[in-house]
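Take a walk through this predicted model. Keep the structure open beside the text.

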Amino acid sequence: MASSFIGWNYCGLFFIVNLVYLFKIKGESFKVWSPKLFVFLASWFLGSLFWMWTIEHGYLGFLVTLLIYTFVFFTSFYIRFYFNLNSWIIIFFILLFETYFNTSDFSFPWLTIGNVLANQKYLVQWYNITGVIGGSLWLLCCSYHLSQMRFEYRKLIILGLLLFAPLLYSVHLSKDKLLNAELKIVTVNPHKFKSIKQKDKFLFNMTKGLKNEEADILVFPEVTIRGLDNKYLESKLEYKYLKNLIDRNQFKSILFGTTGFKENGGIYNSALILDENDIYSKAKNKLVPYTEYMPSFTHSILKKPFYINPVKDN
């Protein structure tokens with residue numbers, strides 16, 4: 001679990017340790033390999049998704065996601081051992097599953113293996129060519145070769161090229177001045193104002209507390225303000241508070257999370273960006289299973305509100 005925690009929170013390459021363990025799982029029967037596979041999944045989830053237990057109903061999202069991954073991985077390994085196939089079939093099933101999970105409404109990209117390198121932006125610049133699924137393929141291939149490693153010079157050279165070529169290319173791209181531009185960012189902790197229920201009073205006190213701050217970007221967390229939609233935002237008092245911070249040249253841009261709403265009553269999770277000239281919105285279309293999204297046919301059974309999905313950006 002330690003390598004999973006370090007990998008998903010600090011240095012992504014540490015997660016290769018877990019993936020090597022995955023490819024070393026062998027066994028003649030279900031009773032032999034299934035406990036090993038469950039150890040892999042449990043250490044992965046506990047090391048990377050521990051934060052879900054701190055949010056409302058997050059533990060249910062954790063368990064639903066674990067159930068989905070357990071089904072996919074156990075099915076993949078069952079097929080592999082039943083038909084006596086090579087470990088490459090595991091890579092195929094994982095990539096197929098990730099592709100679906102990143103394109104469907106019922107999605108959860110946090111555990112897309114390629115995203116483990118997200119904390120090291122200088123290592124993932126090559127994703128602009130392959131996308132994050134290409135990163136998953138690279139990590140899986142490297143881990144597979146390491147799990148099969150025999151200390152032969154030819155194999156060491158191939159592994160070295162496979163491992164270091166994308167990283168060196170990313171380091172080269174990261175030298176771009178735009179990627180390395182220094183920006184001053186101020187973040188806001190809404191919990192300091194959690195006793196204030198009304199949105200306008202909440203923002204009034206918050207902007208008052210920022211009167212001595214200056215930066216390029218002001219950032220609020222997800223769903224800081226509820227019930228705003230960029231279609232009507234300029235008529236809202238909340239907008240005037242935030243826009244005033246830009247007009248006073250305290251900040252060039254403001255990024256904040258909110259819940260938007262549709263005329264049919266559906267709500268969605270979005271981020272709004274304000275700058276001197278315009279308003280931009282980006283809807284969150286990758287939602288946590290159960291905690292944020294479930295297929296519409298389950299709503300009447302579960303009796304729980306969910307975000308609508310997908311939503312067009314503006």
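Begin just past helix α9. There, N249 adopts a positive phi of about 65°.

Now step back into α9 itself, which spans residues 237-247. Six of its residues are listed as buried: E238, Y239, L242, K243, L245 and I246. Viewed down the axis of α9, these buried residues fall within an arc of 145°, so they line one face of the helix. The spacing rule behind such a face is simple. An α-helix has 3.6 residues a turn, so residues three or four places apart point the same way.

D247 pairs with K243, and their closest N and O atoms are 2.9 Å apart. Both residues lie in α9, four residues apart, or about one turn of the helix. How buried or exposed are the two partners? K243 has a relative accessible area of 14%, so it is buried, the cut-off being under 20%. D247 has 48% relative accessibility, so it counts as partly exposed.

How many salt bridges does a search of the whole structure find? It finds three. The other two reach across the sequence.

Take D216 and K252. They form a salt bridge, with the closest N and O atoms 3.3 Å apart. This pair links distant parts of the chain: D216 sits in strand β2 (residues 215-219) and K252 in strand β4 (residues 251-261), 36 residues apart. D216 has 16% relative accessibility and therefore counts as buried. K252 has 57% relative accessibility and therefore counts as exposed, since exposed means over 50%.

Next come K284 and E222. Their side chains meet in a salt bridge of 2.9 Å, N to O. At 44% relative accessibility, E222 counts as partly exposed.

Finish at the surface. Which residues form a nonpolar patch there? They are Y78, Y82, F83 and L85, with about 470 Å² of accessible area together. One of them, Y82, is found in helix α4, which covers residues 58-82. Y82 has 57% relative accessibility, so it counts as exposed.

How values were computed. Residues numbered from 1 in each chain as written. Predicted model: local features only at pLDDT ≥ 70, side-chain atom pairs only at ≥ 80, totals over all residues. Heavy atoms only, no water. Buried < 20%, exposed > 50% of the residue type's maximum accessible area, 1.4 Å probe, protein only. Helix = DSSP H or I, 4+ residues; strand = E, 2+ residues; numbered from the N terminus. Arc of directions from axis to C-beta. Patch = residues over 30% accessible without salt bridge, like charges linked within 9 Å, V, L, I, M, F, W, Y side chains within 5 Å. Areas by Shrake-Rupley, 256 points an atom, 1.4 Å probe, with all protein chains shown as cover. Salt bridge = Lys/Arg side-chain N within 4 Å of Asp/Glu carboxyl O.
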